[in-house]
Amino acid sequence: ALLSSLDHLDAAPPQGRVLLVGAGPGDPDLLTLKALRALQSADVILYDNLVADEILELARREARRVAVGKIGHGPSVRQDDINDLMISLAREGKTVVRLKSGDPGIFGRAGEEIAACRAAGIPANIVPGISAAQGAAASLGVSLTDRAHAQRLQFVTGHARDGRLPAQINWSAVADPAVTTVVYMPRRTARSFMEQAIAHGLASLTPVVAVAAATRPHEASVAGSAADIADLLPTLREDAPVVLLIGEAVRAMAVDTSLD
C-alpha cells in the first residue's frame, strides 16, 4: 500500500490537450454543438479579439479566459508566445481551447499551432466553424457557388505577414469570370488588390460587395464594382472585420445601377 502511494505521488500530471475551436463569424446561434461542448469542457480559453462576448459567455464558468488576439492593425500577441502558452498549459493537464473567429483553418494560423503541439507531443484537434465568407453570404441571401455564374470558389487573404498585399496571389485565378473570390482582411490593401486584379484581366465592372461584421447586430454592407469598391470601404465601421465578395454570383446585391 505504501509503495502504491509513493507511485501515485511520483506520477506525472495527466496529459492535457488543445482544441482549436471555430467560434463562427459572430452570431452565437451559429456556434456548432461540438464547439459548445468544447467551451463547456475547457479549463483555459485563449481567444482572439474578434470572438463575440456572447460566445465567451457560453463557456464553462470556471474556465480561465485569456485574450491573445490583436485589434485592427495594432499590437498583437506573438504567435510563438501563444504556442508556448498552449503547450505549457496542456502539460499541466489542462484542456486548452484556442478560440478563433470564423473557422480555425481559414487564415487562422491553425497550421502553425497544430505543428507546435505535435512537436511537443500534445494532442490537438480542430473543431471547425462557419467562416466569415459563409456568414456574409447567408446574411446577403446569395449563393457563393451559383451554378449559372460561379463554378469555383476561392478564399484569398488581403495581407501578408507584413500587412501588405501578398506577393503570391494568382491574379489570373482572381480575374476568372467564372469564380467567386472572397478576400479576407482587405482594409488596407483593397485598392491595390483591385488595381492588380483589373490589370490582370478582371472586368472593372465586376460586382463586389463588402460586408463588415457579418452576422453580428451591427453588420453592414456596401456594394459596388471592382473599380470603385475601395472608395466605398471607408463608409463601413473602421473597427469591424470586413470581407469582400467578388464575382457575378453577388450581382443581385450590387445595388449600383451602373453595374446592371
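This is a predicted model: local features need pLDDT of at least 70, side-chain atom pairs count only at pLDDT 80 or more; totals for chains, interfaces and linings use all residues.
After H5 comes glycine 121, with a positive phi near 75°.

## The chain as a whole

The protein chain contains 9 helices and 10 strands. Along the principal axes, its C-alpha atoms fill a box of roughly 85 × 35 × 35 Å. Of the 260 residues in the chain, 47% are buried. Among contacts with a separation of 6 or more, 71% join residues 24 or more positions apart.

The chain exposes about 13,300 Å², of which carbon and sulfur atoms supply 52%.

In soluble globular proteins, nonpolar side chains tend to be buried together. The largest nonpolar core in this model has 25 residues, and those with the most contacts inside it are Phe193, Met194, Ala210, Leu244 and Ile246. Two or more residues of this core come from each of helix H7 (171-174), helix H8 (190-199), strand S8 (207-212), helix H9 (229-232) and strand S10 (242-246). H8 gives the largest share, 4 residues. Apart from this core lies another, of 19 residues, including Ala35, Ile55, Ala59 and Ala63.

Which residues does phenylalanine 193 contact, leaving aside its neighbours within four places in sequence? They are Val156, Leu165, Ile169, Trp171, Val174, Val183 and Ile246.

## Valine 183

Valine 183 is found in strand S7, residues 179-184. Its relative accessibility is 1%, so valine 183 counts as buried. With neighbours within four places in sequence set aside, valine 183 is in contact with Val156, Thr157, Gly158, Phe193, Val242, Val243, Leu244 and Ile246. Between valine 183 and alanine 63 there are 120 residues of sequence separation, and their C-alpha atoms are 34 Å apart in space.

## Helix H6

Helix H6 covers residues 132-140, of which Ala132, Ala133, Gly135, Ala136, Ala137 and Leu140 are buried. The cover over these buried residues includes strand S6 (152-157), S7, S8, strand S9 (220-225) and S10. Just after H6, glycine 141 takes a positive phi of about 75°.

Most residues other than glycine have a negative phi. Phenylalanine 107 has a positive phi, near 55°. Phenylalanine 107 is located in the loop between S4 and H5, and its relative accessible area of 39% makes it partly exposed.

Methionine 185 likewise has a positive phi, near 55°. Its place is in the loop between S7 and H8. Is methionine 185 buried or partly exposed? At 35% relative accessibility, methionine 185 counts as partly exposed.

Technical notes: Residues are numbered from 1 along each chain as its sequence is written. Side-chain values use heavy atoms; hydrogens and water are left out. Buried means under 20% relative accessible area, exposed over 50%, partly exposed in between (1.4 Å probe, protein chains only). Contact means heavy atoms within 4.5 Å. Accessible areas come from the Shrake-Rupley method with a 1.4 Å probe; for residues, only the protein chains shown count as cover. A nonpolar core is a set of buried Ala, Val, Leu, Ile, Met, Phe, Trp, Tyr and Cys residues joined through side-chain atoms within 4.5 Å.
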